[in-house]
Amino acid sequence: MNDTPTLLLVAVTGVLVAVGVMLLLERSLTRVLLGVILMGNGINLMILSTGGTAGGPPLLGLTPESEMADPLPQAMILTAIVITLGVTAFLLAMAYRSWQLQGNDDVQDDAEDRRIAFGGGRRELRRQIRRQRRELRAEIRTQRADLRDRMAAQDRREAAERAALRSRMLAADRELRASLRAGGRGGAGADDAEVAQRIRDARQARQDSVADLRREVESCREGLREHRRIDRETEREMRRELRRRVRAQKRRLHTAIRAERERLARAEDSDLQGSD
Amino acid sequence: MADILHYLVPLPVVLPLFTAGLKLAIGTRLARLQRAMSVAALTAVLAIGLVLLFGVDAHGPQVVHVGEWGAPIGIALVADRLSALMVTVSAAITLGVLVYSIGQGLADEDEVAPLAVFHPTYLILVAGVSNAFLAGDLFNLYVGFEILLTASYVLLTIGGTHARIRAGATYVVVSLLSSLLFLIAVGLTYAAAGTVNLAQLAVRLPEVPAELGLVLQVMLLAAFAIKAAVFPLSAWLPDSYPTAPAPVTAVFAGLLTKVGVYAMIRTQTLLFPDGRVDDLLMWAALATMVVGILGAVAQTDIKRLLSFTLVSHIGYMVFGIALGSAHGLAGAVYYVAHHITVQTGLFLVTGLIERRGGSTSMTDLGGLARLSPLVAILFFVPAMNLAGIPPLSGFLGKLGLMQAGVQAGTPLAYTLVAGSVLTSLLTLYAIARVWNHAFWRAPAAGAVIAPGTVLEETEEDESPTSAFGPGEAVGPSSRVRTPAARTVARASTLGGRRIVTSTSLPAAMVGATAGLVLLGLAFTLFAGPLIGYCDRAAAELLARAPYITAVFPGGTS
């Protein structure tokens, strides 16, 4: 007996199962049902072809044993057909009930999937908050850097002023010494008092200018301190503002989540009730 | 005794099937008699299961060739130690759930629907489960699967409410897909080996080319893994089980996935003993455990949470199968028996919680420990058992599996051991959350549904316009009529329309739940003999010879 299955049966099996799988992937229950029927038929054909080529009816005394068809696959197919029939009836009833309840026979979303999709919305909101927070932080950072720059500039200015002061003092000294030498060469003795007077004057002038400069530096420092204080306050203010805005965002987020939950619960009635 | 023992083997299938037919013929008359019939049939199955359990342990596997057609031509029903244990445990829990459902049906005053639909379908489900456990050939195993699946379609969509049709669509389509896969695998196996008798396949399959054998093995595994809800084929379960009525969910969660696990154990040990996909199974077990329990941690509805722990704990059994050693298999068998009982008990308690507290959502419940200490105890014991607190049977089962894993000693096995410890801890965490929320914390004012509240599922057929007006029919809206005017609630009735929450729970429901909790404790109390039995069952599975010689006393030809 030839055991090779015919190519035609195998090809038909393949086509039926392929079409069945395609229909199984549809949303509509009726199409799924058609897919199940096609796949079932395809598999039955496959089981039939496992019995080898066709032979006579497997009845003792009617057909010689060597010409009999294999009866077992046929018995299995009969059983499978009955089962498919039952399942088909049930699926039809379910599709009809589904149509009664909601006007279509589509397979509904998985509640869990829906929750995950909803979670996606929540994630989006969270991302938004995080982005805003990042932006505010960056703003604070730039302000701080600005403040640092301004302080450094102030320091530089002070240093430059001090240097100018020192050079002016040195210049005054030099001038004094030069005038002393000139005085010593000119009229000695007679001009002594005058020279001393001039030295005193010069000193006085120098002290005055130093005091002036000190005052100036002091006021600069004062200004700087003031500046820093204001800066700190601004920073604090900004942080407060940041916190406030984050809090407000969170509040909005939570309200949105609550609203969404309620909406879903209402839309899905029992399905999502209490499952979030 | 020994020579008549094998006549008992078909009875766990025949008795429920026969009773179901009788009840369909009687219809809705003679309500009391019918309830008694259902209980009597399942009690008889339980008794037969116990006799088989001890008989098979003493006298070896028992075989019945249906219609006296000898194997491999006829259909063989085989009861070895594993089958006998599964039949006994399934009979025990189906009996418990039946008593519970009778209590619920009486309490809800719905006389007609349970008798006309629930009882016959339920008995057919039991027959299908027994048939799958006892099947001695691959095609009969397929038929057993189909019987129980078709019955489960009806039970899951009982009442035909919006939520159940939605969940049922997913469940039916996924189950159909697994059945079709299984059928293809059966056909290919027949083409490759020329037989579907399991014992003969055990002899012949090693002779088929190795690659072809691998294809058959993987196809069968995929079909069973969908049934057993092994990750990544588990996504359908947590979405479909929780919408069914409490007794239905309980028996589904307890039994149906375990039928898939049983089929995996049977085919892995008998047909494919060389363990070529063991590593794959290990990874699948790890993923099932961890992903499942992480899902459970995220839930707030008790039913959904329990469904996820169910998925997660299937991983333990797959772990045992994947180890393939005697200890691993013994651990898996013990764990299956333990888990059937505990998971069923927990779902039944959830039904009681719903009846007492008016909800299964942790956010709505509170203070149940004070309101109803009995329910609290009935929840606490199996919950701790599930989490694996010593000395309960969950701990023993996990310990056995972990020991087997350490014995295997491969890095992968150690990873699995670590994963199972983690899963156990997370289970404890998830369960403790339920305990804290539903039982321990003070109930929020106004949040708890008062006793006497009517949880109702309104059907749209009550409004005549919507039955054929697709645009208007928006599905049934569940609502609660109560002085406090709460808006939504879900009622899991058995085809009836309402549940009235009350402080006094029906005795039959509490009794059945307590019975299952006690059965779970019995697994702890009689752990010694039971683990001995599981060890012998595993040795028998690995030896293969007892099974094969029982089916073919004269040797396979």
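Modeller: Let's begin with a definition: two strands pair if DSSP finds at least two bridges between them. Helices (H or I, at least four residues) and strands (E, at least two) are DSSP runs, numbered from the N terminus. This is a predicted model, in which local features need pLDDT of at least 70 and side-chain atom pairs count only at pLDDT 80 or more, while totals for chains, interfaces and linings use all residues. Residues are numbered from 1 along each chain as its sequence is written, and chains are lettered from A and ligands numbered from 1 in the order in which they are written.

Biologist: Thanks! In strand 2 of chain B, which residue is the bridge partner of Val64(B)?

Modeller: Strand 1 of chain B covers residues 62-65, and this strand pairs with strand 2 of chain B in the antiparallel sense over 4 bridges. Strand 2 of chain B spans residues 76-79. The bridge partner of Val64(B) there is Leu77(B).

Biologist: Which residue of strand 2 of chain B points the same way as Leu77(B)?

Modeller: All four residues named in this strand are buried, where buried means 20 or more other C-beta atoms within 10 Å of a residue's own, exposed means 12 or fewer, partly exposed is in between, and C-beta atoms are placed from the backbone. Ala76(B) and Val78(B) point one way. The other way point Leu77(B) and Ala79(B).

Biologist: Why does Val9(B) count as buried?

Modeller: Val9(B) sits in the segment before helix 1 (11-26) of chain B. Leaving out residues up to four places away in sequence, Val9(B) touches Gln62(B), Val64(B), Leu77(B), Ala79(B) and Leu134(B); a contact means C-beta atoms, placed from the backbone, within 7 Å. Val9(B) is buried because, within 10 Å, the number of other C-beta atoms is 28.

Biologist: How many residues are in the largest nonpolar core?

Modeller: A nonpolar core is a set of buried Ala, Val, Leu, Ile, Met, Phe, Trp, Tyr and Cys residues joined through C-beta atoms within 7 Å. Among the residues with the most contacts inside the largest one are Leu85(B), Leu148(B) and Val333(B). Beyond its neighbours within four places in sequence, Leu148(B) is in contact with residues including Leu125(B), Ala132(B) and Val259(B). The number of residues in that largest core is 222.

Biologist: What share of chain A counts as buried?

Modeller: Chain A has 5 helices and 0 strands, and from the N terminus on its elements run α-α-α-α-α. By contrast, chain B has 20 helices and 5 strands, and 63% of its 557 residues count as buried. Of the 276 residues of chain A, the buried share is 17%.

Biologist: How far apart are the C-alpha centres of the two domains of chain A?

Modeller: Domain bounds here come from an automatic or database domain assignment. Chain A is divided into domain 1 (7-102) and domain 2 (111-271). Their C-alpha centres lie apart by 84 Å.

Biologist: What distance separates the end C-alpha atoms of residues 122-157 of chain A?

Modeller: An unreviewed UniProt entry lists these residues, along with 232-270, as "coiled-coil region"; such annotations may be inferred rather than shown by experiment, and their positions follow the numbering used here, with feature names shortened. In the model, residues 122-157 are 100% helix and 0% strand. The end C-alpha atoms are separated by 53 Å.

Biologist: Where in chain A does pLDDT stay under 50?

Modeller: pLDDT is the predictor's confidence in each residue, from 0 to 100. The mean for chain A is 81, and 89% of its residues reach 70 or more. Where pLDDT is low, the predicted coordinates should not be read in detail. In chain A, pLDDT stays under 50 over residues 270-276.

Biologist: Which residue is joined to Phe231(B) by a cis peptide bond?

Modeller: Most residues other than glycine have a negative phi, and most peptide bonds are trans. In the loop between helix 8 (210-228) and helix 9 (237-240) of chain B, the cis bond has omega near 5°. It joins Phe231(B) to Pro232(B).

Biologist: And what is the phi of Ala229(B)?

Modeller: Ala229(B) lies in the loop between helix 8 and helix 9 of chain B. Ala229(B) counts as buried because 27 C-beta neighbours lie inside 10 Å. Although Ala229(B) is not a glycine, its phi is positive, at about 60°.

Note on methods. Two residues are in contact if their C-beta atoms, placed from the backbone, lie within 7 Å.
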